[in-house]
Amino acid sequence: MFRLRTPIPAWQAILCSCACLALCYGVWWFVTHGEAEERIFSPLILPSPAETFGKFGYLWHDLGLVENTFASLRRVVIGFGLAVIVGVPIGVLCGCFTRVNAFFAPLTLFGRNVPMAALLFLTFAFFGTGENQKYMFIFLACVAFIVSDAADTIREVGTAYVDTAYTLGANRLQVILKVLFPLALPGIFNSLRLLFGLAFGYIMLAEAVKAARQTGGLGYIINLAQTRGSNKAVIILLVLIIPVVALAVDRVLFFVQRQLFPYRYSSRGYLHRGVGAMLRGFEDLKGFFFTSAAADQFPAPPGITPPSTAK
């Protein structure tokens with residue numbers, strides 16, 4: 001039972017997880033059961049499970065749980081998407097070229113260690129309290145991690161692959177685009193999936209303040225409940241709901257990850273085949289247009305039939 005690093009069946013993993021949840025729920029019930037005067041923790045500090053889950057209707061209808069959840073997800077997707085668009089290409093260049101990595105090293109070091117509270121106030125100063133501030137906060141909070149992780153993943157690709165590509169006649173750009181980046185892509189995607197969960201936690205800080213006529217988001221609901229003081233049950237309920245939402249998003253991304261890289265995860269690879277078909281179609285179109293342009297610019301000499309019409 002206690003052998004080191006021994007694989008276990010799926011049903012045992014589920015059973016152990018359920019036992020952990022049951023234990024946590026039992027401890028929570030034990031310290032909050034009974035009348036308010038008899039409890040180990042006062043209802044003002046820790047409401048009971050019944051009191052907490054009883055606030056779900058109020059959270060759903062009065063505080064707009066669904067609307068605010070989608071608002072938070074939208075902000076994370078846009079801000080994190082901008083960080084991916086900027087961070088992954090820079091990270092690939094940093095992993096390929098040492099001088100580029102040395103050039104960006106101060107920025108990545110600063111970005112990975114800057115306090116989030118200080119970064120929050122800087123974005124308030126530069127971008128106000130609107131949507132752009134929330135997008136830029138997520139962007140600045142994540143882009144340095146994306147650059148660093150992408151560079152590390154590129155450097156982990158074995159030198160033998162690069163040497164083989166050069167031996168087969170590939171140039172430097174082909175080695176980057178057709179060897180290093182494709183081999184590092186599963187690791188980069190896995191890093192992005194984990195960082196997205198981190199970004200979903202960061203957005204709660206940015207949503208502490210909202211502009212007029214703006215959907216507050218989950219962070220604003222937590223801040224609103226905290227200021228009212230008597231809604232500890234709402235805060236605890238949101239603390240329970242937010243990880244569930246983050247877990248659901250993570251499972252969706254993991255499904256996409258498994259379907260994109262079947263050679264790594266032994267999946268059916270539906271997305272991998274679809275993306276491969278799109279890329280092959282793009283290569284065919286590119287070859288057709290470039291071949292046609294070359295034929296128009298350099299026509300065949302008289303008496304010579306072009307290869308495409310030769311019989």
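Entry 1, the largest pocket. I find 17 residues lining the largest pocket, with Leu-177, Lys-178, Phe-181, Pro-182 and Leu-279 nearest its centre. H9 and helix H13 (270–297) are the elements that give two or more residues to this lining. By class I read 12 nonpolar, 3 polar and 2 charged residues in the lining. Its volume is about 600 Å³.

The model is predicted; local features need pLDDT of at least 70, side-chain atom pairs count only at pLDDT 80 or more, and totals for chains, interfaces and linings use all residues. Residues are numbered from 1 along each chain as its sequence is written, and side-chain values use heavy atoms, without hydrogens and water.

A pocket here is an open set of points on a 1 Å grid over the protein atoms alone, where a 1.4 Å probe fits, with protein on both sides within 12 Å along at least five of seven lines; lining residues have an atom within 4 Å of a point. Helices are DSSP runs (H or I, at least four residues), numbered from the N terminus.

The axes of H9 (residues 172–206) and H11 (residues 232–260) come within 10 Å and cross at roughly 165 degrees. That makes H9 roughly antiparallel to H11 (angle over 145 degrees).

How values were computed. Axes fitted to C-alpha atoms, helices over the stretch in contact; angles between N-to-C directions. Parallel < 35°, antiparallel > 145°, perpendicular 65-115°, else oblique. Points joined across faces, edges and corners; volume = space filled by probe spheres on them. Nonpolar A, V, L, I, M, F, W, Y, C, P; charged D, E, K, R; others polar.
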